[in-house]
Amino acid sequence: MEVFYLYLLCLFILFVSFALHFIFYKRNSSSLTGTLPPGRTGWPFIGESFEFLSTGWKGHPEKFIFDRMSMYSSSVFKTHLLGEKAAVFCGPTCNKFLFSNENKLVQAWWPDSVNKVFPSSTQTSSKEEAIKMRKMLPNFFKPEALQRYVGIMDHIAQCHFASSWENKSQIEVFPLAKRYTFWLACRLFVSVEDPNHVAIFADPFNVLASGLISIPINLPGTPFNRAIKASNLVRKELLLIIKQRKIDLAQGKASPTQDILSHMLLTSDEIGKYMHELDIADKILGLLIGGHDTASSACTFIVKYLAELPEIYEGVYKEQMEIAKSKAAGELLRWDDIQKMKYSWNVACEVLRLASPLQGAFREAINDFMFNGFYIPKGWKLYWSANSTHKNPEFFPEPEKFDPSRFEGSGPAPYTFVPFGGGPRMCPGKEYARLEILVFMHHLVKRFKWEKVIPNEKIVVDPMPIPAKGLPVRLYPHKA
Ligand code: HEM
């Protein structure tokens, strides 16, 4: 009898196993055939997040990517990051695939913490808000608007260098670069120019930015909790400015084109609806975040490389002094001056290649699909990595060598140089960033030579690259 029950039990287990296999097979394959990309998923829950983040903390985020590209596959490997099943897409073909399948096979994805720090005022998801924002942004960054910004950027840069760099023998570059880009953003986004008013935003804003990509534990004292409180504070301050601007616009005291805020208040969507005040506050907050640490990281690394490479410094100095000498006393930089800064921009691009402010970004698979013979299930997170091409000798020979001539002529091959991403989600602030970086370079080399205080200062990538001690430098002003 016992043997009979044992036999029944075995049959039952066999039946359940077959059923489970069938259910899983059906669900996973969903009419597609193929294997998942090679790779490992690491520890339960944590996956490979620690390895992913810690190579950045040690200053070599590309190591995570290149180790796995050589172990598993040079195009796509599976992993498990930030609590999600993920595949990393490497190389120009993969970049092209992800960038050109936006909203067809993939869509943008942010870690949970971002949604919680930005609860949308209209109860839609940050995804829907980003789509709305994406439609409006070209208005704020169109060439006519950008051309108007050059003079304003020049004016703010002069004030910034006069107050924070001149008459100092030693400074720390990263905090000052942040002060510069934030001041510019406050002026160009909401017309706040008074340094005391800018300072009201700056402190909570820095807390907010550092807690945005953090473990989403909302307990007193955690970076995430501080970020939520800070975002409420900045939003409150922005709302005051928005309400006042509405009054000023109605009374003709403010101009419809003076900044991004005026544009947002006066631009309606396709059905003639204007944006809610809280939505505008969130959008401006998003722009401040998108543009802040990225551009200041780039400016900081420009200072670092120019300190290390005197012949590159000389090239930039020569170009910028020709422009400076062509200006009358007190005359501000103009759009056509920026167009002459070709060598300086090649140098900036080489900096963006070697120290890309964003290491990459995530997408989410909207449906199951096949890529390069591998099956990518719906819901998986897909990561494109700037370093997979920027630091790859196949696309940039001697990738560690600083060589701005890579950007001469037709420049790098398509989809290999991607510091701003690509396709429909390419950074909308790219041209704005180019202007603020070039204006920064102009004022920097016109005034100073400098040397690093810490010759081999460590670089930390968390999530942007920054010199661990903020890049202290000794300044040597040019003789008048
Ligand atoms: C050197 C400076 C900058 C770099 C390297 C950079 C890079 C990037 C990258 C790689 C993305 C993500 C693209 C993707 O998801 O595939 C992005 C998105 C974005 N950037 Fe920038 N960015 C910079 C400056 C700026 C500035 C100055 C602004 C605003 C004025 C800005 C606003 C944004 C916004 C709003 C998004 C999100 C767009 C969306 O989700 O569709 N960025 N940026």
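This is a predicted model: local features need pLDDT of at least 70, side-chain atom pairs count only at pLDDT 80 or more; totals for chains, interfaces and linings use all residues.

**Stop 1**

Begin with the open sheet of three strands, whose order is 4-12-9 and whose pairing is antiparallel. Select strand 4 (170-172) and strand 9 (448-452): these are the edge strands, and each pairs on one side only. From one strand to the next, the twist averages 35°.

**Stop 2**

Next, find the open sheet of five strands in the order 1-2-8-5-3, where the pairing is mixed. Which strands stand at the edges? They are strand 1 and strand 3 (106-108); each has a single partner strand, so one side of each has no neighbour in the sheet. On average, neighbouring strands here are turned by 35° against each other, direction ignored.

Select strand 5 (residues 360-365) and strand 8 (residues 381-385): the two run antiparallel, and five bridges join them. Here Ala-361 stands opposite Trp-384 in strand 8. Helix 4 (residues 92-100) packs on this sheet, touching strand 1, strand 2, strand 3, strand 5 and strand 8. Its direction makes about 130° with that of strand 8. As background, strands of a sheet pair through backbone hydrogen bonds, either parallel or antiparallel.

**Stop 3: helix 15**

Select residues 342-354, which form helix 15. The helix has 13 residues and reaches 19 Å from its first C-alpha to its last, close to the 18 Å expected at 1.5 Å a residue.

Which residues of helix 15 are buried? They are Ser-344, Asn-346, Val-347, Ala-348, Glu-350, Val-351, Leu-352 and Arg-353. To see what they pack against, show helix 12 (277-308), helix 13 (310-325), helix 16 and helix 17. An α-helix has 3.6 residues a turn, so residues three or four places apart point the same way.

**Stop 4: the ligand and Cys-427**

Centre the view on the ligand. Of the 22 residues around the ligand, those that come nearest are Gly-290, Gly-291, Gly-421, Cys-427 and Gly-429. Helix 6 (126-140), helix 12 and helix 17 each supply at least two residues of the shell. Which helix gives the most to this shell? Helix 12 does, with seven residues.

Now select Cys-427 alone. The unreviewed UniProt entry places the feature "binding site" at this residue. Cys-427 lies in the loop between helix 16 (387-390) and helix 17 (430-447). Leaving aside residues up to four places away in sequence, Cys-427 touches Phe-420 and Gly-421. Is Cys-427 buried or partly exposed? It is partly exposed, because 18 other C-beta atoms lie within 10 Å, whereas a buried residue needs 20 or more.

**Stop 5**

Go to Leu-82, in the loop between strand 1 (76-81) and strand 2 (84-89). Its phi is near 50°, a positive value in a residue other than glycine. Leu-82 is partly exposed, with 18 other C-beta atoms within 10 Å.

Move on to Asn-372, in the loop between strand 6 (369-371) and strand 7 (374-376). Asn-372 is not a glycine, yet it has a positive phi of about 50°. With 14 other C-beta atoms within 10 Å, Asn-372 is partly exposed.

Finish the loops at Pro-463, which lies between strand 10 (459-461) and strand 11 (465-467). Select Asp-462 as well: the peptide bond from Asp-462 to Pro-463 is cis, with omega near -10°.

**Stop 6: the whole chain**

Zoom out. The chain has 17 helices and 12 strands. Of its 480 residues, 36% are buried. Among contacts with a separation of 6 or more, 72% are between residues 24 or more positions apart.

Terms used. Residues are numbered from 1 along each chain as its sequence is written. UniProt positions are given in the numbering used here, feature names are shortened, and annotations may be inferred rather than shown by experiment. Helices (H or I, at least four residues) and strands (E, at least two) are DSSP runs, numbered from the N terminus. A residue is buried if 20 or more other C-beta atoms lie within 10 Å of its own, exposed if 12 or fewer, and partly exposed in between; C-beta atoms are placed from the backbone. Two residues are in contact if their C-beta atoms, placed from the backbone, lie within 7 Å. Two strands pair if DSSP finds at least two bridges between them. Axes are lines fitted to C-alpha atoms, for helices over the stretch in contact, and angles run from 0 to 180 degrees between N-to-C directions. The expected span of a helix is 1.5 Å times one less than its number of residues. A residue is near a molecule or strand if its C-beta atom, placed from the backbone, lies within 6 Å of it.
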